[in-house]
Amino acid sequence: MIEDGDYFLNDNREAGAFELSFVDDVVATLHYTLDIETMEIEFAYCEIEETLMAAHHCRELLRLATDAVARQGLTVAVTCPVALRVTDGLSA
């Protein structure tokens with residue numbers, strides 16, 4: 001679990017998803033597949049509540065999830081088209 005300002009990231013391993021909460025409401029979910037043998041996590045697809053802040057929520061979700069994965073020593077493979085656009089923007 002990670003808190004960053006008004007954001008809270010929960011790693012729901014049972015569901016295979018990172019869940020981003022903003023002011024106590026889940027606003028975005030990033031589904032993943034974890035390969036224990038290769039120590040790689042694949043960001044497969046995102047679900048984001050359609051609001052005026054959706055793009056910002058998506059960036060925060062990807063930033064916090066990528067940080068959480070890095071702290072666990074895992075590598076990231078991104079196949080979700082939305083996540084690809086956001087992660088490209090994060091590395092720029």
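**Exercise 1.** How many aromatic pairs does a search of the whole structure find?

*Solution.* The structure is a predicted model. A search covering all of it returns three aromatic pairs.

**Exercise 2.** Classify the pair formed by tyrosine 7 and phenylalanine 22, and locate both residues.

*Solution.* Step 1: the centre-to-centre distance is 5.0 Å, and the angle between the planes is 40°. Step 2: planes under 30 degrees apart count as stacked, over 60 as edge-to-face and the rest as tilted. The pair of tyrosine 7 and phenylalanine 22 is therefore tilted, with 40° between the planes. Step 3: tyrosine 7 belongs to strand β2 (residues 7–12) and phenylalanine 22 to strand β3 (residues 17–22), so that distant parts of the chain, 15 residues apart, are linked. Step 4: both tyrosine 7 and phenylalanine 22 are buried.

**Exercise 3.** Determine the geometry of the pair phenylalanine 18 and phenylalanine 43, and state which strands hold the two residues.

*Solution.* Step 1: the ring centres of phenylalanine 18 and phenylalanine 43 are 6.3 Å apart and the planes stand at 90°, so this pair is edge-to-face. Step 2: because phenylalanine 18 lies in strand β3 and phenylalanine 43 in strand β5 (residues 40–48), the pair ties together parts 25 residues apart in sequence. Step 3: phenylalanine 18 and phenylalanine 43 are each buried. Step 4: ring pairs join Phe18 and Phe43 with Tyr32 in a cluster.

**Exercise 4.** Which residues form a negative surface patch, and in which strand is aspartate 25 found?

*Solution.* Step 1: the negative surface patch consists of Asp24, Asp25, Glu49 and Glu50. Step 2: aspartate 25 is located in strand β4, which covers residues 25–35.

Technical notes
Residues are numbered from 1 along each chain as its sequence is written. This is a predicted model: local features need pLDDT of at least 70, side-chain atom pairs count only at pLDDT 80 or more; totals for chains, interfaces and linings use all residues. Side-chain values use heavy atoms; hydrogens and water are left out. Patches are made of residues with over 30% relative accessible area and no salt bridge: like charges are joined within 9 Å, nonpolar side chains (Val, Leu, Ile, Met, Phe, Trp, Tyr) within 5 Å. Accessible areas come from the Shrake-Rupley method with a 1.4 Å probe; for residues, only the protein chains shown count as cover. A salt bridge is a side-chain nitrogen of Lys or Arg within 4 Å of a carboxyl oxygen of Asp or Glu. Lys and Arg count as positive and Asp and Glu as negative; His and the chain ends are not counted. The place of a charge is taken as NZ of Lys, CZ of Arg, CG of Asp or CD of Glu. Helices (H or I, at least four residues) and strands (E, at least two) are DSSP runs, numbered from the N terminus. Rings of Phe, Tyr and Trp (its six-membered ring) pair if their centres lie within 6.5 Å; planes under 30 degrees apart count as stacked, over 60 as edge-to-face and the rest as tilted. Buried means under 20% relative accessible area, exposed over 50%, partly exposed in between (1.4 Å probe, protein chains only).
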